[in-house]
Number of protein chains: 2
Amino acid sequence: MADPLPRLAILAGGGTLPARIAAAVRGQGREVFVVAFEGHTDPATVEGVPHLWSRFGAAGTIIQRLHDERVGEVVFAGPVRRPSFTELLPDWRTTRFLARVGTRALGDDGLLRAVVRELEEEGFRVVGLHELLGDLLTRPGPVGRLLPDAEAQRDIERAAQVARTLGAMDVGQGAVVQQGIVLAVEAVEGTDAMLDRCAALRRPGPGGVLVKVRKPQQDRRIDLPTMGVTTVENAARAGLRGIAVEAGGSLLVDRAAVAEAADRLGLFVVGIAVGGEAGSEAGRGFPGGQAAERPA
Amino acid sequence: MADPLPRLAILAGGGTLPARIAAAVRGQGREVFVVAFEGHTDPATVEGVPHLWSRFGAAGTIIQRLHDERVGEVVFAGPVRRPSFTELLPDWRTTRFLARVGTRALGDDGLLRAVVRELEEEGFRVVGLHELLGDLLTRPGPVGRLLPDAEAQRDIERAAQVARTLGAMDVGQGAVVQQGIVLAVEAVEGTDAMLDRCAALRRPGPGGVLVKVRKPQQDRRIDLPTMGVTTVENAARAGLRGIAVEAGGSLLVDRAAVAEAADRLGLFVVGIAVGGEAGSEAGRGFPGGQAAERPA
């Protein structure tokens, strides 16, 4: 007889994704435990679910509790914006941890990778959302009815190249291109804030495209680019014609609702193949011709 | 007896730089003719100077007038934001020109390079601002009293690497880094708009730095990154600790006023050496160790 799946802890970032994950995993008959972060996690996430509210800095308390709760696997869900210094104020274990990794991790990625290593040394298995719910991972091809035309396809290729290059430098995951011109590139402000400013930057004529790709060196278990209905709505408000996200390298939250919003607002949403695999060398450069393939 | 210097046409972008150039060149006893662009050039620029107001699209009219005015040399001065389609509505000559270079020049740089080639084929010599006024070019070292400390120096190196990489892709010239985190990268919104959003993105602790570098493939005769007092004031408002601009690859408008503003607001302003020369291969990558050297 196979062992039952070990208890899963969800380290819950912002948005509705953590609650969706909790519900889906419990629906599979599996026990979950949610770690919620003050000021980041939506309180609705923990309703009716065993949980702990914590500061980011209280790593010692969190890890002890995960042991006490007999957690076997840990998953990161939802965007984790870089916490403030107060939120990071360390307990004794976190102090030791920060002393080891250095407080000056370059980019969000460096810090998250260090957290993953720490959890693994404590005996937890860190899994990716896509391992729990395979249908969350963006598939190649269109999500709604619409497809990019040839000009949008060229914009997608250029935006993918820029986003990939920035990602390789651990800067951000997104870029907006209109008619060959890079309107905006994403750093810590996030995709929604980037889209906000595009409304004022757009040129007459065919609208631009948003492309989000995984950082090439990024562990798929942490912070994959995510899109949902809000992204589609914000892109429409910014005057864009569509969105392309990396197939196999991004999460699509509620595919049916995204397709409905895309069709209703007249945008295309496509999953694109982006060159390079998870293990590819960071910053190796990105051949333009592989940036995006026409969705099937 | 040496020939007198030929008449100089100033293609005037925005800001106060074109008027400064006109005054300085006339102060050298040289005749100037200003081409002003509706909606872009400050009207004060043309006061008391022979000039033509024009649309960008009227290249045929402009070139004919430059011949009629016996212009020998042409200089670009002041930022030229990508014009709208209406402004670009071509006359017959511009139509021919656009048909040749393609309407889809990637980035501002491609279009400007094509304009330079066109002017040269018409027999004009296109010169750089730094050839006219050598002291405009940023020199290595501090402009005011203050210098970056070791942490600011590391932020400068990272920002220079990011800005240089983006520049190689013809995206933008600037980036803001605080404590190793890339707060913002510049695309078409321009430096001032990028600085605006940094106020909300900044973290507690030591402030960030703004770095502006020349696009590595960029012709020094067009659109060098420029900084002046406004840049210093906006950087201070955004909570930054200082500014680093590429020595020999950027223009410092009114050095004395910049030094005064930097000292008054408590920011450092330094010229930094950035790896790679004008002829270096675009997109070749940028070795981090050469990103910035400690100013002397």
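Q: What makes two strands count as paired?
A: Two strands pair if DSSP finds at least two bridges between them. Strands (E, at least two residues) and helices (H or I, at least four) are DSSP runs, numbered from the N terminus. In this predicted model, local features need pLDDT of at least 70, side-chain atom pairs count only at pLDDT 80 or more, and totals for chains, interfaces and linings use all residues. Residues are numbered from 1 along each chain as its sequence is written, chains are lettered from A and ligands numbered from 1 in the order in which they are written, and side-chain values use heavy atoms, with hydrogens and water left out.

Q: Which residue stands opposite B:Ala12?
A: B:Ala36, in strand 2 of chain B. Strand 1 (residues 7-12) and strand 2 (residues 32-37) of chain B run parallel and are joined by five bridges.

Q: In what order do the strands of chain B form the sheet?
A: Strands of a sheet pair through backbone hydrogen bonds, either parallel or antiparallel. Here five strands of chain B form an open sheet, ordered 3-2-1-4-5, with parallel pairing. Strand 3 (51-54) and strand 5 (125-127) of chain B are at the edges; each has a single partner strand, so one side of each lacks a neighbour in the sheet.

Q: How is chain A related to chain B?
A: Copies are superposed by least squares on the C-alpha atoms of residues with pLDDT of at least 70 in both. A rotation of 180 degrees, with 0.0 Å of shift along its axis, superposes chain A on chain B (RMSD 0.0 Å). That is the relation of a two-fold axis. In chain A, the C-alpha nearest the axis belongs to A:Val185, 3.2 Å from it.
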